[in-house]
Amino acid sequence: MKQEIRSTKFGRYGGQFVPEILMPALEELTEQYERYRDDPTFNKELDYYLRDFAGRPSPLYYARQLSREYGVKVYLKREDLVHGGAHKLNNTLGQALLTRYMGKKRIIAETGAGQHGTACAMAGAAFGIKTEIYMGAKDTQRQRMNVYRMELMGTKVIPVKSGSQTLKDAINEAMRDWATSVETTHYMMGSVVGPHPYPAMVRDFQSVIGKEVRTQIMEKEGQLPDSIVACTGGGSNAMGIFYPFIDDDVDLFAVEAGGSGMKTTEKEALHSASLCMGEEGVLHGMRTKVLQNKYGQILESSSIAAGLDYAGVGPELAYLADTGRIRPCSSMDSEALEAFHDLCRLEGIIPALESSHAVAYVKKAAESGELGDIVVINISGRGDKDLETVMGVRK
Amino acid sequence: MRIGDKFNELKRKNEGALIAYICAGDPTPDDTKRYVVSLIKGGADIIELGLPFSDPTADGPTIQAGIERALNGGMTPDVYFKTVGALRVNTPLVVMTYYNLIFKRGLETFVKDCASSGISGIIVPDLPAEESEELALLCSEYDIDLIFLVAPTTTGARMDRILSRGTGFIYLVARLGVTGARSDIASSTQELIKRVKTATPKAVGFGISNGKQAAEIIHAGADGVIVGSAFVDIIASGKDTEQRLEALARELKDGIRAVKEK
């Protein structure tokens, strides 16, 4: 395990493609993370926060009605029940604790729709660390509730007015901040993306999901599942549930956002399926599969689920897809919506539109038998945040 | 013309270099051809031409806006090499771009295209020395300089690695961040210039916009000054662009010359 994190790569993917100004910060972070990741005191404290603050372990629930309807035995990993309503907090608690161990006084991050920013705000407040979130000015208007939520928890939300005033520009601005403040500040990455050590570190913090599933399914079934299905944007909930099963005979399905179709133009993709449709490239500090045009310009991706709407994907997922260990696939917007309603109606659970993509794939694939008899779906978050979107479609 | 030859020529004249950046294709490829001529007339010794990338994470808002204008104006790597190849100037040209555009074109094709369109150097702000081996080998094969950046945060071991790999000139990042008082420029930059111990020429960039600042940088021991945003600002305004580009280049170059003539 120690050996693994020292390499900055997963096969030929990953690495550290960042401006020189940030390299020393990444070196320091790598060193500090290696120091604490196996430290018993650090892990004991993290376990405490995961249990008493986040509410872990999250249940593994047998979805009886959904199983009958889909024709395969379905278990739901209930990350929607984690504090804040999504798996995001597993990672931000880990990184906030690391921030404290590193002796840094401030946390910064970027956020698009506001989910990661909210998880940062919760962890920042819980640990009493000053937290500042960069958010595109357009997004702060579209997501006023999330801005307010962050502010309630004492986080400062900084609207970014440059460029397209969205996530992309928020990332730029947060990076610029970090370059000037690295001695006192930790940059909190929200997914298994970016330069090393983030993909490995975020995966490790999210692996609590898969570790729990292993114990829970053994209790309920006395065997491992035949397959695990998770939605994949950057890929943190997928890596979190997959990683503890990587050496087992369990099929792992990474479901990407098929949007409104697998088509691209010079500037846009109608989907966000980087593993299925992307080509090798370098984006946001990592070598990975990227949605890009023939010149290497990055395409605007698209999905009904904001959390999957990303032109890149975690480098470890790109590597595992190439080696055949995981199976990339996709669900379209319309399929995800249908599955969203299935889960609401049949089980009384309102899932995030992101997670609904995973449910939709199970619905499609169950009949062919490729999923086997026992399937675990990662319900990575709850769908309260998506109700307006769903209502808009219904009209 | 090779970058090293230009620095040697300037050295004989006891003069620092003015390196001017603009984004190619901002706002159109034809404008770029005229702007390059204006910059050279004003006194620019080396021209850095940005090849625009959709996600320029290492650039500030000013240059980011220039990149967007260029992309909207239809700039692509194919158009870029055609535009640059058509420039008939006896001034070293350097391409500044992000790694994905090089990666996608194929490293060797990209370097070959540079060589055949008269480009003498490559700067890739998101390619640290650790990831650069393959590109560095190709650059030396095709006799193109690979220029690296060092920052005030660059530490001892990394500094050595960068200095051993960089050719043409070393790009010193003058200060952290995007804003700051001018006094900051002087102190942290002086220290960085002293810390970078190499026979390769040292050029300082980030946040320099007038002749007085340029003079200070040269006075602190740098061999050259890199100016980008101030030129891109003029292009953004769209008023008397050629005259003003030339005038600013002249002011900067006069500042630089004043130091060495003392």
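The model is predicted. The report begins with a residue of chain B. Which residues does Glu48(B) touch, not counting residues up to four places away in sequence? The contacts of Glu48(B) are Ile19(B), Ala20(B), Tyr21(B), Ile22(B), Val94(B), Met96(B), Ile123(B), Phe169(B), Tyr171(B) and Ile226(B). Glu48(B) itself sits in strand β2 of chain B, which covers residues 46-50. Although Glu48(B) is buried, it has no salt bridge. Lys253(B), the nearest side chain of opposite charge, is 15 Å away.

**Interface of chain B and chain A**

On the chain B side, 41 residues are in contact with 35 residues of chain A. The size of an interface is often given as the accessible area lost when the parts come together. For chain B and chain A the buried area is about 3,100 Å², and carbon and sulfur atoms give 55% of this area.

The polar side of the interface comprises 16 residue pairs in polar contact, with both residues at pLDDT 80 or more. At least two residues of the side of chain B that touches chain A come from each of α3 (61-72), α4 (77-85), α5 (99-105), β6 (149-150) and α8 (156-165) of chain B. Sorted by class, that side of chain B has 20 nonpolar, eleven polar and ten charged residues.

Three salt bridges are found across the interface of chain B and chain A. One salt bridge joins Glu131(B) to Lys9(A), with the closest N and O atoms 3.0 Å apart. Another salt bridge pairs Glu279(A) with Lys104(B), where the corresponding distance is 2.4 Å. This second pair runs between chains, from strand β11 (residues 279-283) of chain A, which holds Glu279(A), to helix α5 of chain B, which holds Lys104(B). Glu279(A) is partly exposed, at 40% relative accessibility, and Lys104(B) is also partly exposed, at 24%.

**Salt bridges**

Over all chains the structure holds 48 salt bridges. The table gives four of them by residue pair.

| Salt bridge | Closest N and O atoms |
|---|---|
| Glu79(A) and Arg56(A) | 2.6 Å |
| Asp248(A) and Arg214(A) | 2.1 Å |
| Glu279(A) and Lys104(B) | 2.4 Å |
| Glu131(B) and Lys9(A) | 3.0 Å |

Glu79(A) forms a salt bridge with Arg56(A). Glu79(A) is in the loop between β4 (73-78) and α5 (88-101) of chain A, and Arg56(A) is in the loop between α3 (40-53) and β3 (60-62) of chain A, so this pair ties together parts that are 23 residues apart in sequence. Both Glu79(A) and Arg56(A) are buried.

Asp248(A) forms a salt bridge with Arg214(A). Because Asp248(A) lies in the loop between α12 (236-242) and β10 (251-259) of chain A and Arg214(A) in helix α11 (residues 208-221) of chain A, the pair ties together parts that are 34 residues apart in sequence. Asp248(A) counts as partly exposed at 24% relative accessibility, and Arg214(A) counts as partly exposed at 28%.

**A buried serine in chain A**

Ser274(A) is in helix α13 of chain A, which covers residues 274-277. Is Ser274(A) buried or exposed? With a relative accessible area of 0%, Ser274(A) is buried. Not counting residues up to four places away in sequence, Ser274(A) touches Glu256(A), Lys289(A), Leu291(A), Tyr310(A), Ala311(A), Gly312(A) and Val313(A).

How values were computed
Residues are numbered from 1 along each chain as its sequence is written. Chains are lettered from A and ligands numbered from 1 in the order in which they are written. This is a predicted model: local features need pLDDT of at least 70, side-chain atom pairs count only at pLDDT 80 or more; totals for chains, interfaces and linings use all residues. Side-chain values use heavy atoms; hydrogens and water are left out. Helices (H or I, at least four residues) and strands (E, at least two) are DSSP runs, numbered from the N terminus. Buried means under 20% relative accessible area, exposed over 50%, partly exposed in between (1.4 Å probe, protein chains only). Lys and Arg count as positive and Asp and Glu as negative; His and the chain ends are not counted. A salt bridge is a side-chain nitrogen of Lys or Arg within 4 Å of a carboxyl oxygen of Asp or Glu. Contact means heavy atoms within 4.5 Å. Buried area is the accessible area (1.4 Å probe) that two parts lose on being put together, summed over both. A polar contact is a pair of N or O atoms within 3.5 Å; within protein, one must be able to donate a hydrogen and the other to accept it, and residues adjacent in sequence count only if both atoms are side-chain atoms. Ala, Val, Leu, Ile, Met, Phe, Trp, Tyr, Cys and Pro count as nonpolar, Asp, Glu, Lys and Arg as charged, and the others, Gly among them, as polar.
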